[in-house]
Amino acid sequence: MFKGLKPITYNGSEVWPLVEGGKGVAATNHASAGAWAAAGGIGTVSAVNADSYDPEGKIIPQVYKSLTRRERHEELIDYAIEGAVQQVKRAFEIAGGKGAININVLWEMGGAQRVLHGVLERTRGLVAGVTCGAGMPYKLSEIAASYNVNYLPIVSSARAFRALWKRAYSKAAEWLAAVVYEDPWLAGGHNGLSNAEDPLQPEDPYPRVKALRETMREGGIPDHVPIVMAGGVWYLRDWNHWIDNEELGAIAFQFGTRPLLTKESPIPQAWKDKLLEIEEGEVLLHRFSPTGFYSSAVRNPFLKSLEARSERQIPFSTQEAGDHTFQLDVGVKGKNFWVTRNDLIRARGWFGAGFTEALKTPDNTLVFVTDAEKKEIRKDQADCMGCLSQCLFSSWADSETNSTGRLADPRSFCIQKTLQDIAHGGPTDQNLMFAGHGAYNFKKDPFYSNGFVPTVKQLVDRILTGD
């Protein structure tokens with residue numbers, strides 16, 4: 001047992017202070033979460049468009065049949081609730097009364113509040129807590145408390161937690177089981193990097209977590225309510241000075257990337273194989289997500305194509321002005337596109353290389369894509385099923401108008417399509433592959449030598465040694 005690490009009391013039971021990070025779509029499910037709980041930790045079912053099953057146990061494909069976005073959005077919510085309920089029930093059964101089962105939702109996913117109500121109503125007594133990030137989930141406390149369920153907000157700064165506490169959480173303080181600090185520079189998936197922070201200048205998490213604890217103390221939250229360190233956690237021995245540290249209070253640890261490579265992990269074999277090949281620096285912190293948030297994923301051909309698309313971009317004016325004195329004569333219809341001489345030359349070069357279609361962005365720029373890319377972008381935008389509260393890519397909004405009022409952005413992509421595809425066997429090089437920045441450790445850590453893939457129990461036992 002790693003020195004100083006002790007069980008904590010969570011939801012009335014003793015559990016290890018080890019949390020499985022919830023990863024959607026379908027990258028943590030009943031099998032991984034149930035096994036994590038059975039090993040004595042806190043397993044997490046992703047309630048982000050989770051899989052449901054037919055009577056034979058086969059995954060039901062999430063096919064959308066309605067003609068309008070709003071109707072497809074209703075289908076999506078039905079799929080989301082049914083899938084999460086099935087996952088929770090199966091996970092609870094696998095756990096066998098050990099550990100605890102949490103669910104994870106993104107606050108900015110489409111219909112988040114309706115999904116939470118729908119899942120918690122049908123899983124009473126099974127869900128110990130809800131972790132929730134990707135946005136400012138003010139109503140999380142009210143919803144969780146109404147079902148006598150704990151809530152564990154995910155934040156990336158003391159400032160964010162202070163705003164949540166003052167506005168809402170202080171009114172349901174007894175159900176605040178922990179606060180998850182997600183390192184925005186190291187965690188996989190979406191994170192809370194703010195405009196005031198430099199994505200290229202990572203900050204030491206210790207002073208940020210210390211500031212979070214001080215903010216919690218200001219609100220009267222006792223030190224035994226843990227801060228869960230998430231992002232960049234691989235070996236517990238690297239965090240020795242955090243354990244039993246009076247400045248920080250109780251600390252637990254969340255593992256998001258390591259549980260991807262286990263026997264029970266639901267991700268396809270090709271994804272698992274790729275994890276063993278990742279090099280240091282191969283995970284990119286980027287801002288292509290249609291959520292508008294920064295996120296971290298493997299810099300594979302899918303991400304590289306988005307980088308290249310944004311580089312094939314020029315500003316334009318609708319009339320001759322300033323140095324925009326040349327009419328664009330490639331990629332567009334009409335004569336109302338004025339650009340600089342240098343950008344005209346660049347655009348002609350892209351056109352000659354096969355990027356023959358220029359698409360407008362909301363920022364008065366044009367991006368050049370191939371005809372096939374244009375058709376895929378337009379189809380994906382038209383097929384939108386409203387999986388986010390607001391989508392930059394399709395301009396969907398979960399509102400009365402179902403629109404953000406802005407032009408759809410071709411520099412982004414349909415996140416529901418790609419996450420569903422990679423989770424269910426689609427090509428790993430042509431889809432978004434979320435991962436934390438420590439994923440290169442799979443290649444370096446002797447635990448995984450000769451391609452060894454542990455069970456969840458073997459992984460938890462290994463983590464408990466400090467390694």
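Visitor: In strand β13, which residue is the bridge partner of H190?

Guide: Strands of a sheet pair through backbone hydrogen bonds, either parallel or antiparallel. In this predicted model, H190 has S295 of β13 as its bridge partner. Two bridges link β9 with β13, the strand of residues 295-298, and these strands run antiparallel.

Visitor: What is the order of the strands in the open sheet?

Guide: The order is β9-β13-β12, three strands with antiparallel pairing. At the edges lie β9 (189-190) and β12 (283-286), each of which pairs on one side only.

Visitor: How many bridges pair strand β17 with strand β18?

Guide: Four bridges pair β17 (residues 357-360) with β18 (residues 365-369), in the antiparallel sense. One of the residues involved is K360, whose bridge partner in β18 is L366. The two strands β17 and β18 make a hairpin, with four residues between them. In the turn, N364 has a positive phi of about 55 degrees.

Visitor: How many disulfides does the structure hold?

Guide: A disulfide is a covalent bond between the sulfur atoms of two cysteines. This structure holds zero disulfides. For C132, which is in no disulfide, the nearest cysteine sulfur belongs to C387 and is 15 Å away. C387 is likewise in no disulfide; the nearest cysteine sulfur to C387 is that of C414, 5.9 Å away.

Visitor: Does C132 count as buried or exposed, and why?

Guide: C132 counts as buried because its relative accessibility is 0%, and the cut-off for buried is under 20%. C387 also counts as buried, because its relative accessibility is 11%.

Notes:
Residues are numbered from 1 along each chain as its sequence is written. This is a predicted model: local features need pLDDT of at least 70, side-chain atom pairs count only at pLDDT 80 or more; totals for chains, interfaces and linings use all residues. Side-chain values use heavy atoms; hydrogens and water are left out. Two strands pair if DSSP finds at least two bridges between them. A disulfide is a pair of cysteine sulfur atoms within 2.5 Å. Buried means under 20% relative accessible area, exposed over 50%, partly exposed in between (1.4 Å probe, protein chains only).
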